[in-house]
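Thanks for coming, everyone. Please bring up the sequence and the structure, and we'll walk through the strands and then the helices.

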Amino acid sequence: SHFKNPTGAVDFTSLKVAGDAFFTRATFAGPVTFQYAHFAENWRCEGSAFSSAIALANFEAVQTGATTSFADGIFAGYISFKDARCADLGLARTHWPVTHLDHPWLWLNGMTYQRITAGTEKDSWNNLYDLVQRTARKSAYSADIYTRLEDYYRRLGYPGQANMFFRAQKQREREEVLTGFAWAWSLFLDWFVGYGRSPQRAIFWSVAIVGLGCLVFRPERMEPQKSEYSARKYSAFWYSVDVYLPVIKLHDAEIWKPKEECVLAHVWRRIHTILGWALIPIAIAAWTGMLSR
């Protein structure tokens, strides 16, 4: 079927289909709406083309009981899947708009599904990540889009992919919603522990801080706190670790101290201690899952 009018709306609002509906290779030159349509079984739109760059393809609140497929479909304009409910949504090899980069052109908020694919099993999640995080960067932001994809891949047993969508939502939230201290805190959590989903990053940062301490607390800048400690062997590494750890004490910090004339070592010792008390609890919270939401 070919709907060639570029201005007249094709209206399938509240369409009811008791079985399957096939719109295979259909073309729409102008706006089209399937809002509130209900398909009891499959709704197949493989190869369909929505060619207007300024018109809206409206699939809001559509309900399908089985497969909904836009495989090999072409979208040139605005698309809305708000509150659509699909049992199985297929978006393999779907072509999305390359224009409208300064305007939101895709709405996925409120859309639910039991299964979603965008290609082969190997590359489906990556294509979906591209869609919500890169291709649709100017889409209307909604946290539930990312949350549903995260939950979906966690149910499938892919925690790595689930975590990618979680972090993508937090990054988009920082760009679209947060300001001031909340923005800065979000950026810090992203860098330090990946919002709690990459707690191993805290090890890297801690090693870097301890390593910097080893450079600052070199032997020529240090002296024993008491004369009876002079015979003891000094280790810049263990001193840096001892100053950094907030609770565990190795006693190196009780034996050695920076020389009075080494202002840098004195200042960094205080900063070193503050970083330990601030960062170690956050790292522990990340490892225990307290920052996962």
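Predicted model: local features only at pLDDT ≥ 70, side-chain atom pairs only at ≥ 80, totals over all residues.

In which sense do E14 and strand E16 pair, and over how many bridges? The sense is parallel, and there are 5 bridges between E14 and E16, residues 112–117.

Now, why call E14 largely enclosed by the rest of the structure? Because 5 of the 6 residues in E14, residues 85–90, are buried.

Next, the loop that runs between E14 and strand E15, residues 106–107. Thr-94 is found in that loop. Is Thr-94 buried or exposed? Buried: its relative accessible area is 10%, and the cut-off for buried is under 20%. What does the Thr-94 side chain reach? The backbone oxygen of Phe-70, at 3.0 Å. Leave out residues up to four places away in sequence, and Thr-94 touches Phe-70, Ala-71, Asp-72, Gly-73 and Phe-75.

Now the open sheets. Leu-56 stands opposite Tyr-78 in E13.

Another open sheet has 4 strands, in the order E1-E5-E9-E12. Pairing here is parallel too. Which strands are at the edges? Strand E1, residues 2–3, and strand E12, residues 74–75, each pairing on one side only. E1 runs parallel to strand E5, residues 27–28, and 2 bridges join them. His-2 has Thr-27 as its bridge partner in E5.

On to the helices. Start with H2, residues 143–156. It has 14 residues. From first C-alpha to last, H2 reaches 20 Å, close to the 20 Å expected at 1.5 Å a residue. Which residues of H2 are buried? Asp-144, Ile-145, Tyr-146, Leu-149, Glu-150, Tyr-152 and Tyr-153. A reminder that helps in reading such a list: an α-helix has 3.6 residues a turn, so residues three or four places apart point the same way. After H2 comes Gly-157, with a positive phi near 90°.

How does H2 sit against H3? Their axes come within 7 Å and cross at roughly 170°. That makes H2 roughly antiparallel to H3, because the cut-off for that label is over 145 degrees. The H2 side of the contact is Ala-143, Tyr-146, Leu-149, Glu-150, Tyr-153 and Arg-154. On the H3 side, the residues include Pro-159, Phe-165, Phe-166 and Arg-172.

Take Arg-172, which lies in helix H3. How accessible is Arg-172? Its relative accessibility is 1%, so it counts as buried. And which side chain does it meet in a polar contact? That of Tyr-146, at 3.1 Å. Tyr-146 is itself among the buried residues of H2.

Last helix: H4, residues 180–193. At 1.5 Å a residue, its 14 residues should span 20 Å. The end C-alpha atoms of H4 are 20 Å apart, which agrees. Its buried residues are Ser-186, Leu-187, Leu-189, Asp-190, Phe-192 and Val-193. What covers them? The cover includes helix H3, residues 159–176, helix H5, residues 201–216, and helix H8, residues 263–287. H4 is followed by Gly-194, and the phi of Gly-194 is positive, near 60°.

That's the tour. Questions, please.

Terms used. Residues numbered from 1 in each chain as written. Heavy atoms only, no water. Helix = DSSP H or I, 4+ residues; strand = E, 2+ residues; numbered from the N terminus. Expected span 1.5 Å × (residues − 1). Buried < 20%, exposed > 50% of the residue type's maximum accessible area, 1.4 Å probe, protein only. Pairing = 2+ DSSP bridges. Contact = heavy atoms within 4.5 Å. Polar contact = N/O pair within 3.5 Å; in protein donor to acceptor, adjacent residues only side chain to side chain. Axes fitted to C-alpha atoms, helices over the stretch in contact; angles between N-to-C directions. Parallel < 35°, antiparallel > 145°, perpendicular 65-115°, else oblique.
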